[in-house]
Amino acid sequence: MTTLAYAAVTQSGLSFERQLWLREAIIPELKKITGSIHRQGAAASIQIGHCGNMSHKQICGCTPISASTGFNLYSPTFVKGMKPSQIVAMAKAFGQAVHLARKAGMDAVEVHAGHGYLISQFLSPYTNKRKDEYGGSLQNRMRFMTLCMNEVMKAAGTDMAVLVKVNMRDGFKGGMKPGETIEVARTLQDQCGAHALILSGGFVSRAPMYVMRGAMPIRTLTHYMPMGWLLLGVRMAGRTMIPTEPFREAYSLEDAIQFRKALRLPLVYVGGLVSRNKIEEVLGHGFEFVSMARALLNEPGFVNRMKEEAEARCDYGHSNYCIARMYTREMACHKHIPNLPPRLLREINQLENS
């Protein structure tokens, strides 16, 4: 299955100007994508979500929203806590996104409830400081998630699969970790009726490299940024704001095995898969599926090559050029970009050989 990501359920959920925003106007173009996927014999899925506090007014058309009012230093922007009426309306927007996905020819939807995006902002005590029925206890913090899932499952009916991306750890002190996150997963399994969970981790606004691992290439990140005080701030404090998280193959496997033991529903492993041997090892632990992104950005035909080569391994160097470029350009592997500036090549070589 090929998953198209990320698609905002409302305009207020856009974190980049170039992102998908699910609405009627783009259905004809989405049909071209799903038609192409289906002609190749694969299923098509789309990741739906809302970025919450990871936006700016000039992008999303309003003051960014979140579980609680405050200031997101990592965007940076002021953020407005959602009113109960907005929470209910947003849950309905998730359901409407599923209807639109069906019209576009999607076979499945992936609800993004991790990585410090809006649902995750309600789940995590780091971003949820509410004093009403949506804050405080874990049961209250899960309330927005369950509202969204109720609308999603109702819209999905019997002809669409629903996967949910969840955090196993937020990746920093004061964030969620196994214990609470397993309870979130059990709620998605037992009360919400999710068909499968994608096990991930990290918090974009606090621990971004916990999601992806390795170092953030600051020189590359600032090279593509427009001039301004944010660029200067990242140049001066980027290493502190975006600390390195060591990369190794299947870096989330130990945590994921805890979830496999605690849950019945199908689970998707994601994180650091670049070889057929490691994928087979992961599947041997009882995971029904694996998910890959950067390996396929590096080598789009890697899945086909794995069918032919028992020792197939993707030539992915973990420099994270693609991640740094993503914030201001389309996402691309440096190996497919001609004529990169020498200073970027030096940074890439340094990170890949360190």
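Me: Why does leucine 73 count as exposed?

Reply: Leucine 73 has 55% relative accessibility, and exposed means over 50% relative accessible area (1.4 Å probe, protein chains only), so leucine 73 counts as exposed. The residue sits in the loop between strand 5 and strand 6 (77-81), where strands are DSSP runs (E, at least two residues) numbered from the N terminus. A word on the source: this is a predicted model, where local features need pLDDT of at least 70, side-chain atom pairs count only at pLDDT 80 or more, and totals for chains, interfaces and linings use all residues. Residues are numbered from 1 along each chain as its sequence is written, and side-chain values use heavy atoms, with hydrogens and water left out.

Me: Is serine 55 buried or exposed, and how do you know?

Reply: Buried means under 20% relative accessible area. Serine 55 has a relative accessible area of 0%, so serine 55 is buried.

Me: Which residues lie nearest the centre of the second largest pocket?

Reply: They are Asn53, Phe71, Asn72, Tyr126 and Thr127, among 14 lining residues. Lining residues have an atom within 4 Å of a point on a 1 Å grid, and a pocket is an open set of such points, where a 1.4 Å probe fits, with protein on both sides within 12 Å along at least five of seven lines. Strand 5 (residues 70-72) gives the largest share of this lining, three residues.

Methods
Helix = DSSP H or I, 4+ residues; strand = E, 2+ residues; numbered from the N terminus.
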